[in-house]
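Okay, thanks for coming, everyone.

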Amino acid sequence: MKNFLYICFLFLVDNVFLMAQEKENNEQSSPYTEQYITDIYMTEPDRALLLLDEAEEKRAMLPARINDLRSMVYRNKYQCKLAFRYARRAYVQDSVANNTPEHLLKMTIELADLASLLSEYEVSNRYVVEGIRLARNMNDEQAEAKLLFCMGENKRRLSFKKEAYETFDEAIRLLSDADDAYGLRMLSYFCGVKMSFLIDDDLIDDALAVGLYRQELLDKMERTEGMQEAYLDLQKSYLYSKLAYLYYRSGDKKKAEKCFAKYKSTQAASTPEGKYNATPYLLVTGQYREILDNCRDLKELFREQDTINYQYRGILSKEIMAYTGLGEYKQAAELSALFIAVTDSIHQREKTNAALELDTLYDVDEKEAHIVEQASQLRIRTVSLIFICILVLLALFFLWKVWLQNRNIKDKNRALMKYINEELSAQKKKQQSSGDTEPLLPHHELDTESSDAGQEYEINKLVFQKLDSLIRKDELYLSADLSREDLVRMAHMNNTRFAKMIKENTGTNLNGYINELRLNHAIQLLKEHPEYTLRAIAEASGINSMPTFHNLFKSKTGMTPSEFKKVQMEME
């Protein structure tokens with residue numbers, strides 16, 4: 001038995017392990033995962049969007065994650081309006097759920113960045129302020145630095161240059177103590193962007209100072225674990241090409257040559273993009289032929305991919321300046337015409353992309369409107385169903401209450417019937433035991449002038465017994481014409497003493513006493529002759545008024561004559 005239990009336990013553990021492994025494999029192979037979408041969104045954006053729609057229908061991912069990925073896909077497709085819309089939706093869903101503050105912060109940063117790309121700088125800054133508050137609450141300095149740098153870029157594009165550089169410096173100071181690979185890379189990027197802005201503003205000395213600081217960063221990054229050699233080589237190539245240009249502009253040509261030599265020593269300097277980075281230095285040093293040689297390789301690379309973009313236009317601009325410097329104006333003019341054509345094509349593509357984005361936005365709005373309409377219809381159906389269910393429940397409750405009430409009434413009536421039968425039976429036995437009636441006392445024996453109160457009570461009791469026996473035996477109470485005067489004469493009493501006698505022996509007045517006898521007779525008739533009508537029973541009992549009969553009967557038995565008759569038939 002012990003071995004059998006041990007084998008069963010092993011079998012159960014094995015099944016649980018296999019089920020867990022199967023579930024893990026299914027999750028890894030499922031296309032409805034964040035990792036899978038992230039892997040394909042750049043190469044297959046349309047398929048990624050389709051999978052996200054299906055994931056939404058299947059509820060395979062959280063809604064905020066789905067909209068985050070949609071935003072990422074549309075941003076990759078240069079459809080920033082749609083990217084902003086879905087990022088905003090993810091932000092709202094995170095705000096409502098309030099269970100993933102890290103993702104909410106991520107979406108806040110994304111919204112600030114997208115709004116900046118859409119030139120909505122005021123909107124971008126609002127998200128920056130909100131994001132900084134979240135980042136400080138979470139003690140996330142890297143996120144705070146990102147947001148500050150985004151605010152600096154907004155200020156720079158709005159021509160608030162002094163404020164922009166101050167904000168750049170604040171973001172850089174926030175990361176100045178970074179010692180991890182991610183923080184150092186972000187800090188290096190900030191310095192590179194700031195240096196580019198300074199060069200564009202022709203602030204050579206300030207740009208040179210930032211470049212030297214970035215050089216120190218690269219030295220620190222070389223000593224940091226997790227930093228890729230290829231990344232460092234690319235950063236050095238770009239930095240030394242800019243430092244060579246800056247040193248030459250500042251008048252220190254020897255340092256410029258040394259920096260350019262360091263640039264040439266990098267592996268990235270031999271790549272098409274690396275060669276293009278040297279064009280600013282080559283332009284100021286008049287090395288026009290080398291510029292043309294360097295641009296040629298990158299142009300060939302763009303011809304294989306796409307020549308309708310700003311980077312290709314920048315290459316043409318550098319070639320035009322080189323040909324102009326060489327005095328070859330014909331080639332410069334030809335390239336100028338191509339430059340204009342590329343610019344027009346870029347503008348046309350932007351218009352087309354804008355139109356396509358508007359179409360997509362319209363389709364999305366139509367889809368959302370359809371979803372809203374379906375949701376509204378579903379809500380109406382749900383409310384209607386709930387209302388019908390409530391009505392049905394109320395009807396069932398009402399029927400249950402009616403059934404319960406009827407059952408209680410039946411139980412009560414049966415109990416009353418049993419009690420009435422027992423009472424009538426007891427009265428009948430009492431009447432039988434009393435024997436035949438005796439003649440009434442002579443008038444002189446009822447004279448109470450000389451009797452005291454005790455004698456009067458005993459005489460009254462004796463007279464009532466005789467009178468009651470006579471009334472019951474001869475059924476005088478069945479006569480509707482029976483009057484008080486008749487009974488007073490039979491008792492040989494005055495009205496006052498007669499009323500007192502009835503009260504002492506019945507606890508009620510004469511009408512109550514007679515009606516009690518009549519009702520007992522009516523009950524007996526109902527039991528013996530259920531085929532009689534109620535009116536016939538009432539008249540046979542000495543009651544000519546049906547309302548009076550109903551009221552008296554209900555007061556005595558707790559039931560109407562009809563209910564009594566029905567209960568009697570059910571009991572039989």
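This is a predicted model: local features need pLDDT of at least 70, side-chain atom pairs count only at pLDDT 80 or more; totals for chains, interfaces and linings use all residues.

C150 has a relative accessible area of 7%, which is under 20%, so C150 is buried. C295 comes out at 0%, so C295 is buried as well. How many disulfides are there by the distance rule? The count is zero. As a reminder, a disulfide is a covalent bond between the sulfur atoms of two cysteines.

Now the overall picture. The protein has 572 residues, and 38% of them are buried. What about secondary structure: how many helices and how many strands? We get 25 helices and zero strands. If you take the contacts with a separation of 6 or more, 60% of them are between residues 24 or more positions apart.

The entry, which is unreviewed, lists residues 383-404 as "transmembrane region". In the model, that span is 100% helix and 0% strand, and its end C-alpha atoms lie 31 Å apart.

On to the rings. A pair of aromatic rings is described by the distance of the centres and the angle of the planes. In this structure there are 16 aromatic pairs. One of them is F260 with Y263, a tilted pair with 5.2 Å from centre to centre and 40° between the planes. Both residues sit in helix α13, residues 253-265, and they are three residues apart, about one turn of the helix. F260 counts as buried at 10% relative accessibility, and Y263 does too, at 2%.

F260 has another partner, Y281. Is that pair stacked or tilted? The ring centres are 4.5 Å apart and the planes are at 25°, which is under the 30 degrees cut-off, so the pair is stacked. Here the two residues come from distant parts of the chain: F260 is in helix α13, Y281 is in helix α15, residues 279-284, and 21 residues separate them. Like F260, Y281 is buried.

Elsewhere, ring pairs join F149, Y165, F168, Y189, F190 and F197 into a cluster. And there's a charge over a ring, too: R185 lies over the face of Y231, 4.1 Å from the ring centre.

Two more residues and I'm done. Where is E144? Look in helix α8, residues 141-157. E144 has a relative accessible area of 9%, so this one is buried. Setting aside neighbours within four places in sequence, E144 is in contact with I132, A135, R136 and L174.

Then there's L301, in helix α16, residues 288-305. Its relative accessible area is 30%, which falls between 20% and 50%, so L301 is partly exposed. From L301 to Y312 you go 11 residues along the sequence, and 9.9 Å in space from C-alpha to C-alpha.

Definitions and conventions. Residues are numbered from 1 along each chain as its sequence is written. Side-chain values use heavy atoms; hydrogens and water are left out. A disulfide is a pair of cysteine sulfur atoms within 2.5 Å. Buried means under 20% relative accessible area, exposed over 50%, partly exposed in between (1.4 Å probe, protein chains only). Rings of Phe, Tyr and Trp (its six-membered ring) pair if their centres lie within 6.5 Å; planes under 30 degrees apart count as stacked, over 60 as edge-to-face and the rest as tilted. Helices (H or I, at least four residues) and strands (E, at least two) are DSSP runs, numbered from the N terminus. A charge sits over a ring if NZ of Lys or CZ of Arg is within 6 Å of the ring centre and within 35 degrees of the ring normal. UniProt positions are given in the numbering used here, feature names are shortened, and annotations may be inferred rather than shown by experiment. Contact means heavy atoms within 4.5 Å.
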